Each structure stands twice: as structure tokens, then as C-alpha cells.
Amino acid sequence: MKKFLALFTLLFLNISFGQSTTYYFIRHAEKVDNSQNPDLFEKGLKRAEKWNTIFSEISFDEIYSTDYKRTLQTASPTATTKKMKVKLYDPKNIPIEVFKKETIGKKILIVGHSNTIPNFVNQMINQNSFTDIQDKTFGNLYIVTMVDEAITFQLLKLD
């Protein structure tokens, strides 16, 4: 009985006082073409609105995007609805441990690319679990939750 009580107390303290941080990672929506910095295609604009609907019940603390039209246009409906500014990040230059410390206890949306989002998630979870997103896949939602040292993650395939 004492072991059970001690375990219960430990779990209660961990749940009650642990800092929960949740990251939501998505790829930009469908783009017009394969040029260097294209806008979203009409289907992509609709997908960006769909993400806004999906995220309607989440109180984000910050929204991050790379500095490209397609990622900014994907993040924009959610940022506008939530009256937030989108913060820019460079996927080639992210000090992961610093990013984790700066975002502890927050809910964060991160919009990136088919080859940067899986890598970003892998760095956050300290594993090599995800590969680049296929060219025609735009509905992946990666959710990473951290409570103190415990990390959980999942990939939802929406469309």
C-alpha cells in the first residue's frame, strides 16, 4: 500500500507541476508550381483554411513559419483568426535545445516543408523516426508533447 501511495504521489506531482509543451508540425499546403517561391494554389488556400478549422480549439502561444509565400500563406488563416503574428525561422539554423527552452510550457504551431518538417520533428524527439514527406502529401500533422523529460509523439494523416 505504501508503494502504491508513493507512486500515486509521484505521478500526481509530475502531472501537477510538470511543464507540458506541445508542438504541432505541418507542411505548407499545395503550391501553384515548383518555382523558387510560389504562392499557394486554390486547393492549397482551401487546405490552409481547413488547418485553421482543425486548430480552432487550440490556444497557440506562438506560430512559426519559414520565410516563403507558401508556408506563410498556410499559417496565415490560423494566425489571423487567433490574432497572432507569425514568427519566422530558418530550418537550416535551429538550435534545438535553445528552441525547446524558449518554448517550454507552450503550444506551438510550426509550418515548414516536405524535407524540413520531418527533420525538425526527429530533432525534437531525439530519434530518426520520420522521412521526408512525399510530394503529393499535404495532410500530415505531427504532434510532439514534452512533459519534463518525457517525450511522446504521433503522426496523424489527415486529408
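# Briefing on a predicted protein model

F55 is buried, with a relative accessible area of 0%. This residue belongs to a predicted model of a protein with 5 helices and 6 strands. Along the sequence, these elements follow the pattern α-β-α-β-α-β-α-β-α-β-β. Of the 159 residues in the protein, 41% are buried. Among contacts with a separation of 6 or more, 65% are between residues 24 or more positions apart.

**Aromatic pairs**

- The whole structure holds 13 aromatic pairs.
- One of these joins Y24 and F55 in an edge-to-face arrangement, with 6.1 Å from centre to centre and 70 degrees between the planes.
- Y24 is in strand β1, whereas F55 is in the loop between α2 (42–54) and β2 (62–65), so the pair ties together parts that are 31 residues apart in sequence.
- Like F55, which has a relative accessible area of 0%, Y24 counts as buried, at 10% relative accessibility.
- A cluster linked by ring pairs consists of Y23, F25, Y64, Y89, F99 and F120.

**Helix α4**

- The buried residues of helix α4 are I96, F99, K100 and T103.
- Viewed down the axis of α4, these buried residues fall within an arc of 100 degrees, so they line one face of the helix.
- K101 and E102 are exposed on the other side of α4.
- The cover over the buried residues of α4 includes the strands β1, β2, β4 (107–112) and β5 (140–147), together with the helix α5 (117–125).

**The largest pocket**

- The largest pocket contains about 280 Å³ of space.
- Its lining is made up of 16 residues, of which Y68, R70, H113, N115 and T116 are the closest to the centre of the pocket.
- By class, the lining of the largest pocket comprises 3 nonpolar, 7 polar and 6 charged residues.

**The second largest pocket**

- The volume of the second largest pocket is about 220 Å³.
- The residues that line the second largest pocket are Q19, T21, Y23, E97, K100, K101, I104, N126, M146, D148, E149 and I151.
- Two or more residues of this lining come from each of β1 (20–27) and α4 (96–103).
- Helix α4 gives the most to the lining of the second largest pocket, with 3 residues.
- The lining of the second largest pocket divides into 4 nonpolar, 3 polar and 5 charged residues.

**The cavity**

- A search of the whole structure finds 1 cavity of 30 Å³ or more.
- The space in the largest cavity is about 40 Å³.
- R47, K50, W51, I54, G139, L158 and D159 form the lining of the largest cavity.
- That lining has 3 nonpolar residues, 1 polar residue and 3 charged residues.

**Individual residues in loops**

- S114 is placed in the loop between β4 and α5.
- With a relative accessibility of 15%, S114 counts as buried.
- Leaving aside residues up to four places away in sequence, S114 touches R27, D132 and I133.
- Most residues other than glycine have a negative phi.
- K83 is a residue other than glycine with a positive phi, near 55 degrees.
- The position of K83 is in the loop between α3 (69–81) and β3 (86–88), and K83 counts as exposed at 77% relative accessibility.
- N126 is not a glycine either, and has a positive phi of about 60 degrees.
- The loop between α5 and β5 holds N126, which is exposed, with a relative accessible area of 55%.

How values were computed. Residues are numbered from 1 along each chain as its sequence is written. This is a predicted model: local features need pLDDT of at least 70, side-chain atom pairs count only at pLDDT 80 or more; totals for chains, interfaces and linings use all residues. Side-chain values use heavy atoms; hydrogens and water are left out. On a 1 Å grid over the protein atoms alone, a cavity is a set of points where a 1.4 Å probe fits but cannot get out, and a pocket is an open set with protein on both sides within 12 Å along at least five of seven lines; lining residues have an atom within 4 Å of a point. Grid points are joined across faces, edges and corners, and a volume is the space filled by probe spheres set on the points. Ala, Val, Leu, Ile, Met, Phe, Trp, Tyr, Cys and Pro count as nonpolar, Asp, Glu, Lys and Arg as charged, and the others, Gly among them, as polar. Helices (H or I, at least four residues) and strands (E, at least two) are DSSP runs, numbered from the N terminus. Rings of Phe, Tyr and Trp (its six-membered ring) pair if their centres lie within 6.5 Å; planes under 30 degrees apart count as stacked, over 60 as edge-to-face and the rest as tilted. Buried means under 20% relative accessible area, exposed over 50%, partly exposed in between (1.4 Å probe, protein chains only). The arc is that of the directions from the helix axis to the C-beta atoms. Contact means heavy atoms within 4.5 Å.
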